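Welcome to my notebook. Today I am looking at how two chains meet, one entry at a time.

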Number of protein chains: 2
Amino acid sequence: MPRILFNSIGVICTPHKEQSGTPIQPAFAPGVLGTVSLFEEYVNALVDLDGFERIWLIYHLDRSKLWAPRVIPYRDTVERGLFATRSPARPNPIGMSAVQLLSVNGRTLQVEGVDMLDGTPLLDIKPYVPAFDAHSTSRAGWFDKTLSDATVADDRFR
Amino acid sequence: MPRILFNSIGVICTPHKEQSGTPIQPAFAPGVLGTVSLFEEYVNALVDLDGFERIWLIYHLDRSKLWAPRVIPYRDTVERGLFATRSPARPNPIGMSAVQLLSVNGRTLQVEGVDMLDGTPLLDIKPYVPAFDAHSTSRAGWFDKTLSDATVADDRFR
């Protein structure tokens, strides 16, 4: 099993200090502002980003607990296979969120719709491109049928 | 700069043996079939995935060259900031592709729309959920204005 080493490229600052109460997706965090601070050596790679309305933040879910093959996701009431959920309790705890980009100023991005914990280590930024990323009618398994309307996390994955 | 260690959870097999000629996104790989083989210990986490039409494959771009702050992306003719592109030459070479899920059989997934090299190490699988991931009208900077219609890679990031 090959081991893969990454280095954090910055930090995401958000109002969310603990998992309980944190929005589970950007869709459930309208108006919630955050700041992405890149380390100095990456500033030159931010050119042209400000033309994009949304960006993908790829980050390390550094406070998720050990992974589990089955979990009860926030949006459901029964156990599901981990890979069929967006739960943070993953073998490789990588999170991704499509947030709105409000401004780029030096090494600092202002973003809206943050759903990650304060101090989350950033791994990558990618532009959101509808032609690549938007599949509005894609069938979504249990998620399409769930009766849960949860929008924030609790302590289950702490 | 915190170091983050991940382990590959499987391998993505595709018809693409070298970067030159490989589709640059799943949108440009219609009908191109691939196989995802998970390592045995992750099989139980695949339950319920088959209800999803599309899945995100998160993977290690293990054959990308050293990162560069500015690159000429495949879909343009001028240099852009790396984070404003989907180029593989990233500080943390993490790729993500929304592919169509055709079948789940034991630890093997058949998928369509593969745009990664054969033998690519898999890091994560997430369900594609339109309510979280689809933003059809999101403004996309230089990408909206580019005159390039490239659909496959060349050797520039080898």
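Which residue in β1(B) is the bridge partner of A:N7? I looked it up, and the partner is B:R3. Helices (H or I, at least four residues) and strands (E, at least two) are DSSP runs here, numbered from the N terminus.

Before going further, I noted that this is a predicted model, where local features need pLDDT of at least 70, side-chain atom pairs count only at pLDDT 80 or more, and totals for chains, interfaces and linings use all residues. Residues are numbered from 1 along each chain as its sequence is written, chains are lettered from A and ligands numbered from 1 in the order written, and side-chain values use heavy atoms, leaving out hydrogens and water.

Next I followed the strands: β1 (residues 3-7) of chain A and β1(B) run antiparallel, joined by five bridges. Two strands pair if DSSP finds at least two bridges between them.

Then I checked the whole interface. I found 71 residues of chain B in contact (heavy atoms within 4.5 Å) with 71 residues of chain A. About 7,100 Å² is buried between the two chains, and carbon and sulfur atoms give 62% of that area. Buried area is the accessible area (1.4 Å probe) that two parts lose on being put together, summed over both. B:F6, B:F83 and B:F132 supply 12% of what chain B buries against chain A, more than any other three residues.

Last, I looked for charges. The rule for salt bridges (a side-chain nitrogen of Lys or Arg within 4 Å of a carboxyl oxygen of Asp or Glu) finds six across the interface. I also noted a salt bridge between the side chains of B:R86 and A:D133, at 2.9 Å, N to O.
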